[in-house]
Amino acid sequence: MVLTSVSPGALVVFGLIGVALLLFVSEVIPNDVTAIGIVFALAALEPWTQVGPRGAISGFANTATITIVAMYMLSAAIQNTGIVQRLGIHLAAFTSGSERRALVATVGATGPVAGFINNTPVVAVFIPMISDLARKTGMSPSKLLLPLSYAAILGGTLTLIGTSTNLLASEFADALLPRGPIDMFEFSLLGAVILAVGSAYLLTVGRWLTPARIPVEADLIDEFDLSDHLAQLRVGANSAVNGATMAQLNERTDADVTVLQIRRNGEAFVAAGTDQRLQTGDVLVVHGSLQAVNNFREQQELGHLVHDDVTDETFAGPDTPVVLARAVVPEASSLVGESLPETRLEEIYRTTALAIRRDGELIRNDLDEVRLEAGDLLLVQTDDDAIDHFTDSGDLVVIEDDAFDRLVEDGVEEVAPLSPKTPVAIGIMAGVVGVAALDVLSIVVAALGGVFLMIVTGCLSSSDAYDAVSWNIVFLLAGVIPLGLAMEATGGAALIAAALVSTADVLPLVAVLLLFSVVTGLLANVITPVATVVLMIPIGVDAAAKLGANGFAFLLAVMFASATSFMTPIGYQTNLMVYGPGQYEFVDFLKVGGPLQFLLAVVTTLGIVGIWGL
């Protein structure tokens, strides 16, 4: 089609999409902020986009958006029951130290659960368990964490509520096709096939391709290469700091050094917030560059314990209230975008970051100048109270190496107690799924009713309900939905569909559907799956109409391809969550996820043709 046939409105919309894609890929600004900019631009350019203010904000009133908000809340209520945590513990008993069983347990448990509970909190709960499980079975955590993420993604294809893209596709099916929205289990048969094929791949070819990036016996100090950034200094009788508090010590030094612990007669005190006065014989565990530590030692007249290296054991032990742990910054964390001083982790939660691993880069110096990003892996000194807070708030996913040791010591009921409200919460969730599946109520009404019942029965507090929602995802979803309206209104979707239709001159229809699925999957790996669904479903439906094909088949191809993004760490948020803890490189996702992506594109295409026809 020649350029002169393109309407000015379509050119403007294509320009907006191009800018949005560039911002999505580069992440110069957060994706949800980009989505808000899209809403503004569509409304401000109404004469060309043909989307007015009401249409531009229509994404916030979209039933898919409201349903996703409700599903976040319902997932939080199920998380509060302790069921998922208990499942993670039973995985340990099943594995019995076997590497193959550990992989089977990881994949086999995660997939089905993710079909009914939002897969992001499922992965957040499982990361610490799986990491510790790997060490207990003598394998690298890297061998399990990538399959954990992939299994969660695969599980999202099982039901309508498995992932946000499914719910959004259902909304498009109702708006663009005469058939109405998608039923709860309408595509579950194909989803089960995809889960089975994907799981078989992860247990065979994927197992061979997944790298062991983390050594099996890796010490955290070695893992973050901090041996020359940690030291132990002794307070002598003539030390300038004798009798000083930590606040006074911090005031009198200009060295870029952080005191982590005060060790005294077998006891250890967290330096942050302690009111202990330094005494002769105290040992200070300090963090900083070699030059900074030497400057600090000379300024304060401290002795250097040359032969006492700082190891994991320095931060552990029955008389030591602190632990050394890794912590992932999830996408929905309130800490994203803040510098470490702005987070106030040290002042409020007595948690000190010692290093940051980001995109394969290890940051150990000038940490106060670094702004946290989603997917960052922090090495932190923290304590049990802080870990409990981070677990409840979702601001950090803390990975402890002694989860199962504590299980043996404290017992299942202490480590993962079941809530007294567990039967009620599970009953409500089953009711939501049941009434939606039987078409008694629409999924949005059933989900909102479930949230209401969860709160009034005490399974979920109203504050926890609001905290459970990943509002950045909601704003992203609501912001990109109007792009689909603009694509339709300006003829942009029809234009791209015509280009797709032209491939039917040289390809059979099933090959056109496969090509469309592959292109959609590649796009979803670069931008968000939500944005991909919004852009590609109108195109697919228009193309199907021009080809005389089944529009629902093309819609399903977009839905499944968008929901299964394996090739990049940014393609799906669970990939981003395991990126740091597994110490993966970008190429690992291409190597392991690429073959899986194309395998499932073929399986999905054949399944759609076999079940729904073309």
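**Exercise 1.** Is Glu585 buried, partly exposed or exposed, and what is its relative accessible area?

*Solution.* The model is predicted, so local features need pLDDT of at least 70 and side-chain atom pairs count only at pLDDT 80 or more, while totals for chains, interfaces and linings use all residues. Residues are numbered from 1 along each chain as its sequence is written, and side-chain values use heavy atoms, with hydrogens and water left out. Step one is the scale: buried means under 20% relative accessible area, exposed over 50%, and partly exposed in between, with a 1.4 Å probe and protein chains only. Step two is the value: Glu585 has a relative accessible area of 40% and is therefore partly exposed.

**Exercise 2.** Compare the exposure of the two partners in the salt bridge between Arg350 and Asp383.

*Solution.* The closest N and O atoms of this pair are 3.2 Å apart. Arg350 lies in the loop between α17 (345–349) and β7 (352–358) and Asp383 in strand β9, so the pair ties together parts that are 33 residues apart in sequence. Arg350 is partly exposed at 32%, whereas Asp383 counts as buried at 7%.

**Exercise 3.** Describe the lining of the largest cavity.

*Solution.* On a 1 Å grid over the protein atoms alone, a cavity is a set of points where a 1.4 Å probe fits but cannot get out, and lining residues have an atom within 4 Å of a point. The largest cavity has a volume of about 430 Å³, and its lining has 30 residues, of which Ser164, Ile473, Val530, Tyr572 and Gln573 lie nearest its centre. Helix α5 (63–80) gives the largest share of this lining, 4 residues.

Definitions and conventions: Salt bridge = Lys/Arg side-chain N within 4 Å of Asp/Glu carboxyl O. Helix = DSSP H or I, 4+ residues; strand = E, 2+ residues; numbered from the N terminus. 1 Å grid on protein atoms, 1.4 Å probe; cavity = no way out; pocket = protein on both sides within 12 Å on 5 of 7 lines; lining within 4 Å. Points joined across faces, edges and corners; volume = space filled by probe spheres on them.
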